[in-house]
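Colleague: I'm new to reading protein models. Could you walk me through one?

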Amino acid sequence: MSVGNLPIRDARIENVLERLHREAAGDPWKIATRIPLLGWAAARKRLYDREFDRKFFHDLYIPVSREQGAMLYLVARAICARRIVEFGTSFGISTIYLAAAIRDNGGGEVIGSEFEPAKHERALRNIEEAGLAEYAKILLGDARETFRSVAAPVDMVLLDGWKSMYIPLIDVLKPKLREGAIVLADNIFTFKRTLRPFVEYMQSGQNGFLSTTLRISDGFEFSVFVSAKAK
Ligand SMILES: C[S@@+](CC[C@H](N)C(=O)[O-])C[C@H]1O[C@@H](n2cnc3c(N)ncnc32)[C@H](O)[C@@H]1O
């Protein structure tokens, strides 16, 4: 079995990723049946409520694409990442790409985050099935709280949870980033308006990052932390 042109050479990981990407392909059908719920929440300005969130997203994977997964793995390998922080774990697809890189770099940890208990449990099982349990831990709860306990130095960050939280979370993580750390942020095109302030923040040169939007999948913001050297 093979997941596209996956750079990870490990049948156990490939099999789990193949199954998860296949299961995630069912997301659009589930979303289609929930359009009335979406309309109801939008009309009441409750799109960011925990209650709506639970009903709408509890069983959706909404993962990174295979191409993004391959890129996550390769970037983490290129910078020899040993500590990677992930905002938004869901069922663990992106976590598995990142944990594979950590393992192949010689060890370290991915610190994921998920506030939906059922997803948290499933992610742990999927990571275990891929044989990567010793390279990943998933913090259960709101990442704005749980990330405060993350130790420095952080080599790489994936932002893939709710979009209004990208800037607050970068503020929490920035003091822990090492020089040259990479931040990848998903859905730049999907949530163009919501993420405009984030893109401006990363690309302004005023906040310690050099950054560009890559036309990969739903738009991947690729940023390098250069701290005081940012121009
Ligand atoms: C787009 S999905 C992540 C997909 C995952 N990165 C992958 O590739 O499989 C976003 C996830 O972030 C979680 N999430 C959103 N906001 C969060 C927060 N503040 N703290 C922890 N988890 C959060 C949601 O429950 C959801 O499962």
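This is a predicted model: local features need pLDDT of at least 70, side-chain atom pairs count only at pLDDT 80 or more; totals for chains, interfaces and linings use all residues.

Colleague: Let's start with helices. How do I describe two packed helices?

Modeller: Two packed helices are described by the angle between their axes and the distance between the axes. Here, helix 1 (residues 11-24) packs with helix 7 (residues 117-129) at about 145°, and their axes are 9 Å apart.

Colleague: Which residues of helix 1 and helix 7 make the contact?

Modeller: On the helix 1 side you'll find Arg 12, Val 16, Arg 19, Leu 20 and Glu 23. Helix 7 brings Arg 122, Asn 126, Glu 128 and Glu 129. Sorted by class, the contact has 6 charged, 2 nonpolar and 1 polar residues.

Colleague: Which element gives the most to the lining?

Modeller: That's helix 4, with 3 residues. As for class, the lining has 3 nonpolar and 2 charged residues, and no polar ones.

Colleague: Now the ligand. Which residues come nearest to the ligand?

Modeller: There are 21 residues around the ligand, and the nearest are Gly 88, Ser 94, Glu 114, Lys 119 and Asp 160. Then go down to atoms. Ser 94 has a polar side-chain atom 2.8 Å from a nitrogen atom of the ligand. For Glu 114, a side-chain N or O atom is 2.5 Å from a ligand oxygen atom.

Colleague: What part of Ala 143 lies 2.9 Å from a nitrogen atom of the ligand?

Modeller: A backbone N or O atom of Ala 143 does.

Colleague: And the backbone details? Where is the cis peptide bond?

Modeller: Follow the chain from Ala 152 to Pro 153: that peptide bond is cis, with omega near -5°. Pro 153 sits in the loop between helix 8 (143-146) and strand 4 (154-159).

Colleague: What about phi of Lys 45?

Modeller: Phi of Lys 45 is near 50°, a positive value in a residue that isn't glycine. You'll find Lys 45 in the loop between helix 3 and helix 4.

Terms used. Residues are numbered from 1 along each chain as its sequence is written. Side-chain values use heavy atoms; hydrogens and water are left out. Helices (H or I, at least four residues) and strands (E, at least two) are DSSP runs, numbered from the N terminus. Ala, Val, Leu, Ile, Met, Phe, Trp, Tyr, Cys and Pro count as nonpolar, Asp, Glu, Lys and Arg as charged, and the others, Gly among them, as polar. Axes are lines fitted to C-alpha atoms, for helices over the stretch in contact, and angles run from 0 to 180 degrees between N-to-C directions. Contact means heavy atoms within 4.5 Å. A residue is near a molecule or strand if one of its heavy atoms lies within 4 Å of it. A polar contact is a pair of N or O atoms within 3.5 Å; within protein, one must be able to donate a hydrogen and the other to accept it, and residues adjacent in sequence count only if both atoms are side-chain atoms.
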